[in-house]
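Have the sequence and the 3D view ready as you read.

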Amino acid sequence: MLRAECGSRMREQRQNERGRLFLNCTSDALLRTLILRSPSNSISLGKATVMIDRLKCGFGLHRFSVLSVDTLQFLLFLYIQQLNKVSLRTSLIGEEWPSPRSRSQSPDLTEKSNCHNKNWNDYSHQAFVYDHLSDLLELLLDPEQLTASFHSTHSSLVSREAVVALSFLIEGTISRARKVYPLHELALWQPLHADSGFSKISKTFSFYKLETWLRSCLTGNPFGTSACLKSGKKLAWAHQVEGTTKRAKIACNTHVAPRMHRLVVMSQVYKQTLAKSSDTLVGAHVKIHRCNESFIYLLSPLRSVTIEKCRNSIFVLGPVGTTLHLHSCDNVKVIAVCHRLSISSTTACVFHILTPTRPLILSGNQTVTFAPFHTHYPMLEDHMARTGLATVPNYWDNPMVVCRENSDTSVFRLLPPCEFYVFIIPFEMEGDTTEIPGGLPSVYQKALGQREQKIQIWQKTVKEAHLTKDQRKQFQVLVENKFYEWLINTGHRQQLDSLVPPAAGSKQAAG
């Protein structure tokens with residue numbers, strides 16, 4: 001009996017040492033991979049001019065005369081694009097459709113639509129890698145380890161460099177600990193050599209043992225989007241409208257996730273004004289999905305932001321340290337300081353940005369407008385310093401069309417100065433920033449000055465008209481009625497109504 005108990009404990013300890021492996025899905029992993037230089041495994045400029053030129057354009061690296069990317073990681077990146085390939089069968093039943101412009105124009109706030117979003121579904125990512133694990137490993141094998149039909153054998157060996165490349169997709173923990181390690185560090189850990197198939201003599205891995213070990217340990221990402229929505233902590237917001245939060249899903253995993261895996265998810269927010277500035281958001285990856293007719297203020301330094309399938313909304317963001325990406329959005333305004341902006345399949349979206357890199361216009365965009373960053377809040381400059389962002393250089397007005405469709409040169413425009421207004425963030429906070437960082441371009445500043453001058457002339461004209469008391473009342477009613485009509489026609493009334501302070505007080509964004 002004692003022997004059986006000891007054996008059970010040994011098996012349990014062995015299982016704990018095996019740990020868990022899951023997919024690395026942080027949004028900046030792609031950028032980190034594609035600009036990686038490796039002298040041993042690289043594609044030189046001379047061997048792949050077209051591909052490297054595209055990468056240089058896409059990542060703003062055109063000024064470099066020599067550029068290389070890790071070959072093995074790049075192959076993995078290309079292979080996993082099959083995850084989003086269009087299936088004819090699912091297209092026929094309405095789950096997919098190849099055209100980015102064919103989506104419904106009515107608000108879709110159903111739970112079913114959210115769970116079928118492949119980009120958000122960590123379980124579909126896991127299933128894809130599990131089903132194609134043999135192909136992924138064979139893709140990384142040296143040619144001499146393959147048969148004439150380009151398949152592995154039971155004796156095939158996987159190089160150490162191949163497992164390092166696989167860390168692009170897979171990482172893991174030991175004994176359910178919070179610390180996350182790249183796959184190659186776990187595979188090279190001494191207690192796991194027998195499972196991972198690593199040989200100290202050949203410095204390689206057994207293909208068969210490595211695949212078996214990966215399959216036995218691969219699990220869902222505990223810090224991914226699906227896990228966050230399912231079991232994450234629900235966020236409390238300092239300002240929100242009552243009665244329209246039934247379908248909204250707002251959660252975070254910051255209480256359990258390591259620093260680089262902190263995630264905040266917002267889905268199906270409808271007719272809401274949400275504002276937050278707190279440690280929960282600091283350094284977090286933010287994913288926003290299917291928000292409609294909402295005004296969202298995230299006034300903290302953020303790691304990355306992804307906005308998908310949102311419509312008729314305004315997003316005011318704190319500085320984004322890596323990438324701000326929009327996909328499949330309609331009539332959305334984004335106000336942000338970010339390291340990089342990329343957009344795809346958007347329509348009638350406006351971007352007031354400050355960025356040190358050229359905005360990337362990918363495929364499927366229509367009537368995109370770029371404008372200078374035009375707001376501030378008291379902690380903005382402090383948050384910019386924490387994310388390493390400055391006011392110069394600023395390439396907001398120099399976007400790059402990476403995927404030009406039908407030779408269309410009018411996919412974007414710069415906002416005419418006559419249409420430009422500053423944006424006031426309507427919340428009280430503590431801090432030292434009192435003006436727009438870096439100021440405004442002179443042409444826009446001049447337009448504001450001219451508009452202010454017209455207001456002063458109008459006020460002077462009214463004053464010099466010497467209206468009677470009754471005339472002043474009539475005039476005031478007329479102006480207020482016109483202003484009310486303008487609020488309704490422009491949709492600004494909803495935004496103003498949602499800003500009525502709750503009974504708790506007026507310091508809204510501190511939550």
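Y297 is buried, with a relative accessible area of 1% (buried means under 20%, exposed over 50% and partly exposed in between, using a 1.4 Å probe and protein chains only). This is a predicted model, where local features need pLDDT of at least 70, side-chain atom pairs count only at pLDDT 80 or more, and totals for chains, interfaces and linings use all residues. Residues are numbered from 1 along each chain as its sequence is written, and side-chain values use heavy atoms, leaving out hydrogens and water.

**Rings around Y297**
- The rings of Y297 and F427 are edge-to-face, because their centres are 4.9 Å apart and their planes are at 85°.
- Rings of Phe, Tyr and Trp (its six-membered ring) pair if their centres lie within 6.5 Å; planes under 30 degrees apart count as stacked, over 60 as edge-to-face and the rest as tilted.
- Y297 lies in strand β12 and F427 in the loop between β21 and α15, so this pair ties together parts that are 130 residues apart in sequence.
- Helices (H or I, at least four residues) and strands (E, at least two) are DSSP runs, numbered from the N terminus.
- F423 is buried too, with a relative accessible area of 12%.
- Y297, F423 and F427 form one aromatic cluster.

**Charges over rings**
- The charged end of R451 sits over the ring of Y421, 3.9 Å from its centre.
- R215 lies over the face of Y130, at 4.9 Å from the ring centre.
- Such a charge counts if NZ of Lys or CZ of Arg is within 6 Å of the ring centre and within 35 degrees of the ring normal.
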